[in-house]
Amino acid sequence: MACGEDKEQDPRIQGIAASIRVVPDFPKKGIMFQDITTLLLEPEAFKNTVDLFVERYSGKNISVVAGIEARGFIFGPPIALAIGAKFVPLRKPRKLPGEVISERYVLEYGTDCLEMHVGAIQPCDRALVVDDLVATGGTLRAAMNLLGLYNENYTVFNTYVLSTYLSLSFSIILVFLFLHS
């Protein structure tokens, strides 16, 4: 979907939205959990979701797609493959072997931490961060901080939220970062 196109112009959006199940009060009371496992059961909806982002970010010289555990691991790798970038997992503590760097963050219902392998990205990489939603923004900030540790001079070029098109709280966040020295 091109920038600025109206969501009604792309027939894929309705199928994607219809394939996501809403689970009330999960993982705790008051949260309306957007369950994408139902989307993953529909190959066409899954493909269309990935395709929307591939279409938007192809040709942008992105060299890294960083996926935040766990839903970023589902959407990030096919996007990375399609645009010719490497995939970097941003994981929960003690899940990555070897030397890691970590960043703590606040969630709407507690705190957590993300880790990334040392050397996974380099200065001047163009990174796309893939996550599933923004509640407090803490996870996304933590990811940006991890990527920014390699060079504190980075620019956020673009954010793209699928929920903008779906009109629901589910979203896949892609933040295009240009890390420069």
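Trainee: What pLDDT does the chain average?

Mentor: The model is predicted, and pLDDT gives the predictor's confidence in each residue, from 0 to 100. In this chain, 74% of the residues score at least 70. The average pLDDT of the chain is 78.

Trainee: In which element of the chain is confidence lowest, and in which is it highest?

Mentor: Helix 6, residues 162-166, has the lowest confidence, at a mean of 43. The pLDDT stays under 50 over residues 160-171, although the model has 46 contacts beyond four places in sequence for them. The highest confidence, at 95, belongs to strand 4.

Trainee: How many helices and how many strands does the secondary structure of the chain come to?

Mentor: Several of these elements will return below; among them are helix 3, residues 43-57, and helix 1, residues 12-18. Strand 1 covers residues 21-24 and strand 2 covers residues 32-35. The secondary structure of the chain comes to six helices and nine strands.

Trainee: Of the 181 residues of the chain, what percentage count as buried?

Mentor: A residue is buried when its relative accessible area is under 20%. The accessible surface of the chain comes to about 8900 Å², and carbon and sulfur atoms hold 54% of that surface. Of the 181 residues, the share that counts as buried is 46%.

Trainee: Which residue forms a salt bridge with glutamate 55?

Mentor: Side chains of opposite charge can pair when their charged atoms come close. For glutamate 55, the closest N and O atoms of the pair are 2.7 Å apart. The pair links distant parts of the chain, 43 residues apart, with glutamate 55 in helix 3 and its partner in helix 1. That partner is arginine 12.

Trainee: Is arginine 12 buried or exposed?

Mentor: Glutamate 55 has a relative accessibility of 42% and therefore counts as partly exposed. Arginine 12 has a relative accessible area of 18%, and the cut-off for burial is under 20%. Arginine 12 is therefore buried.

Trainee: How far apart are the closest N and O atoms of arginine 21 and aspartate 35?

Mentor: These two residues form a salt bridge. Arginine 21 lies in strand 1 and aspartate 35 in strand 2, so the pair ties together parts that are 14 residues apart in sequence. Arginine 21 is partly exposed at 44% relative accessibility, whereas aspartate 35 is buried at 7%. The closest N and O atoms are 2.3 Å apart.

Trainee: With which residue does the side chain of aspartate 112 meet in a salt bridge?

Mentor: Aspartate 112 belongs to strand 6, residues 110-117, and its partner to the loop between strand 4 and strand 5, 20 residues apart. The N to O distance is 2.7 Å.

Trainee: In total, how many salt bridges does the structure hold?

Mentor: The pairs discussed so far include glutamate 55 with arginine 12 and arginine 21 with aspartate 35. In total, the structure holds six salt bridges.

Trainee: In strand 6, which residue is the bridge partner of serine 102?

Mentor: Strand 5 and strand 6 run antiparallel, and eight bridges join them. A hairpin through two residues connects strand 5 to strand 6. In strand 6, the bridge partner of serine 102 is glutamate 115.

Trainee: Why is the pair of phenylalanine 46 and phenylalanine 75 classed as it is?

Mentor: The count of aromatic pairs comes to two. In this one the ring centres are 5.7 Å apart and the planes stand at 85°, and planes over 60 degrees apart count as edge-to-face.

Trainee: How far apart are the ring centres of phenylalanine 73 and phenylalanine 87?

Mentor: Phenylalanine 73 lies in helix 4 and phenylalanine 87 in strand 4, so the pair ties together parts that are 14 residues apart in sequence. Phenylalanine 73 is partly exposed at 24%, and phenylalanine 87 is partly exposed at 27%. The planes stand at 85°, so the pair is edge-to-face, and the centres are 6.1 Å apart.

Key
Residues numbered from 1 in each chain as written. Predicted model: local features only at pLDDT ≥ 70, side-chain atom pairs only at ≥ 80, totals over all residues. Heavy atoms only, no water. Salt bridge = Lys/Arg side-chain N within 4 Å of Asp/Glu carboxyl O. Helix = DSSP H or I, 4+ residues; strand = E, 2+ residues; numbered from the N terminus. Buried < 20%, exposed > 50% of the residue type's maximum accessible area, 1.4 Å probe, protein only. Pairing = 2+ DSSP bridges. Phe/Tyr/Trp six-rings, centres within 6.5 Å; stacked < 30°, edge-to-face > 60°. Contact = heavy atoms within 4.5 Å. Areas by Shrake-Rupley, 256 points an atom, 1.4 Å probe, with all protein chains shown as cover.
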